[in-house]
Amino acid sequence: MALTLYVDTARWRAHHKHVQEQFPGLVPVCKGNGYGFGHERLAEEATRLGSDVLAVGTTYEAARIKDWFGGDLLVLTPYRRGEEPVPLPDRVIRSVSSIDGVYGLVGARVVIEVMSSMKRHGISEQDLPQLHAAIENIRLEGFAIHLPLDRTDGSDAVEEVIGWMDRLRAARLPLHTMFVSHLKAEELARLQQQFPQTRFRARIGTRLWLGDHDATEYRGAVLDVTRVAKGDRFGYRQQKAASDGFLVVVAGGTSHGVGLEAPKALHGVMPRAKGVARAGLATVNRNLSPFVWGGKQRWFAEPPHMQVSILFVPADAPEPKVGEELVAHLRHTTTQFDRIVDR
């Protein structure tokens with residue numbers, strides 16, 4: 001009995017091709033847990049797409065994936081002097097976001113990240129005069145800019161990239177390739193039209209692998225079902241059942257990522273009100289699980305265990321049977337499945 005990721009493979013791959021057609025020169029991103037699919041699977045899919053470059057998060061990920069992907073590997077985390085050396089082949093390209101980092105990678109293949117309105121990392125406009133000397137001893141693969149997802153100030157992503165293109169051109173730095181993130185297809189086309197001598201390459205992960213929500217589905221198998229009456233005690237903490245119903249043990253616990261949630265940026269009155277309501281219910285041990293049964297998302301009976309979760313299903317709902325599966329609304333980037341099934 002397992003937590004299973006079901007993939008409508010034909011539909012999933014059709015989406016990949018659609019994204020690739022929208023973004024010529026696409027660089028697939030495979031980082032973290034491989035967007036829920038695993039590094040090996042995404043390396044195979046990137047190969048299937050004919051990708052010449054695959055972006056990974058860290059040098060450790062590059063070391064793990066190098067035997068699964070035969071093209072170039074672009075490490076997105078910027079190089080820092082003093083980092084632990086990881087043996088990597090020459091086809092690995094390092095990102096750099098400082099002048100010192102460029103000097104520390106003599107002879108290496110390098111992409112230089114510029115500081116965007118994200119203000120996460122990148123070289124500044126003031127650094128540009130020093131770059132001429134710094135890049136003499138590296139193999140420059142291009143520049144890169146990582147853009148924010150939301151623009152609440154009404155600014156234009158294309159104009160931000162154009163601003164950096166103008167600065168780099170004014171500094172007489174090579175502009176043969178610019179790696180970009182979080183641009184729409186029409187925005188990328190505008191840039192390519194304005195700068196025909198530069199090759200713009202979109203680094204895409206979420207939109208590529210997770211853009212078609214209906215192509216994938218998590219399901220947890222029911223392991224046990226126990227009928228309880230109102231007042232019966234159960235679980236590690238021996239809580240009392242609030243009403244008659246069923247305790248349903250389902251595959252999927254904290255080791256799978258069930259019950260884990262990344263902080264969210266809330267905008268507007270209604271999302272904030274829902275957030276307050278969820279927090280209030282949590283204080284009285286009422287937490288909604290990601291598992292669905294009988295058309296409704298069901299409550300955790302108690303906090304999820306390591307490999308299973310115990311749900312409370314009220315008596316007026318259909319009784320789940322051992323071996324049946326419950327759909328689970330889980331975040332791909334924080335979930336580890338037991339098995340993957342292509343259909």
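# Salt bridges and packed helices

Asp72 forms a salt bridge with Arg109, and their closest N and O atoms are 2.8 Å apart. Asp72 sits in strand E4, residues 72-75, and Arg109 sits in strand E6, residues 109-114, so this pair ties together parts that are 37 residues apart in sequence. Are these two residues buried or exposed? Both Asp72 and Arg109 are buried.

A word of caution before I go on. This is a predicted model.

Now the overall picture. The protein has 343 residues, and 48% of them are buried. It contains nine helices and 18 strands. The C-alpha trace spans about 75 × 45 × 40 Å along its principal axes. What about contacts along the chain? Take the contacts between residues at least 6 apart in sequence. Of these, 67% join residues at least 24 apart.

Back to salt bridges. Here is the general idea. Side chains of opposite charge can pair when their charged atoms come close. How many salt bridges does a search of the whole structure find? The search finds 23.

Let me show you another one. The side chains of Glu113 and Arg203 meet in a salt bridge, at 3.6 Å from N to O. This pair links distant parts of the chain. Glu113 is in strand E6 and Arg203 is in strand E9, 90 residues apart. Why does Glu113 count as buried? Its relative accessible area is 4%, and buried means under 20%. Arg203 has a relative accessible area of 7%, so Arg203 is buried too.

Next, Arg201 and Asp52. Their side chains meet in a salt bridge, at 2.7 Å from N to O. Again, the pair links distant parts of the chain. Arg201 is in strand E9, residues 199-204. Asp52 is in the loop between H2 and E3. Arg201 has 5% relative accessibility, so Arg201 counts as buried. Asp52 has 40%, so Asp52 counts as partly exposed.

Some salt bridges join up. Which residues are linked in a network of salt bridges? They are Arg13, Arg41, Glu45, Arg48 and Asp342. Keep some of those names in mind for the helices.

On to helix packing. Two packed helices are described by the angle between their axes and the distance between the axes. Start with helix H1, residues 9-22, and helix H2, residues 39-48. They pack at an angle of about 60°, and their axes are 11 Å apart. That angle makes H1 oblique to H2. Their crossing is right-handed.

Who touches whom? H1 brings Thr9, Trp12, Arg13 and His16. H2 brings Arg41, Leu42, Glu45 and Arg48. By class, the contact of H1 with H2 has two nonpolar, two polar and four charged residues. Look back at the network: Arg13, Arg41, Glu45 and Arg48 are among its members.

Stay with H2. Which of its residues are buried? They are His39, Arg41, Leu42, Ala43, Glu45 and Ala46. These buried residues pack against H1, strand E2 (27-28), strand E3 (53-56), helix H3 (59-65), helix H8 (206-210) and strand E18 (339-342). Just after H2 comes Gly50, which takes a positive phi of about 80°.

Helix H6 covers residues 157-170, and helix H7 covers residues 185-194. They pack at an angle of about 30°, with axes 10 Å apart. That makes H6 roughly parallel to H7. H6 passes H7 in a right-handed crossing. From H6, the contact uses Ala157, Val158, Glu159, Val161 and Ile162. From H7, the contact uses Glu187, Arg190, Leu191 and Gln194. The residues of this contact divide into five nonpolar, one polar and three charged.

Where is Ser117 found? Ser117 is in the loop between E6 and helix H5 (128-134). Its relative accessible area is 36%, so Ser117 is partly exposed. Leaving out residues up to four places away in sequence, Ser117 touches Pro148, Arg151 and Glu160. For scale, take Ser117 and Leu247. They are 130 residues apart in sequence, and 49 Å apart in space, C-alpha to C-alpha.

Technical notes:
Residues numbered from 1 in each chain as written. Predicted model: local features only at pLDDT ≥ 70, side-chain atom pairs only at ≥ 80, totals over all residues. Heavy atoms only, no water. Axes fitted to C-alpha atoms, helices over the stretch in contact; angles between N-to-C directions. Helix = DSSP H or I, 4+ residues; strand = E, 2+ residues; numbered from the N terminus. Parallel < 35°, antiparallel > 145°, perpendicular 65-115°, else oblique. Left-handed = near helix turned anticlockwise from the far one by under 90°. Contact = heavy atoms within 4.5 Å. Nonpolar A, V, L, I, M, F, W, Y, C, P; charged D, E, K, R; others polar. Buried < 20%, exposed > 50% of the residue type's maximum accessible area, 1.4 Å probe, protein only. Salt bridge = Lys/Arg side-chain N within 4 Å of Asp/Glu carboxyl O.
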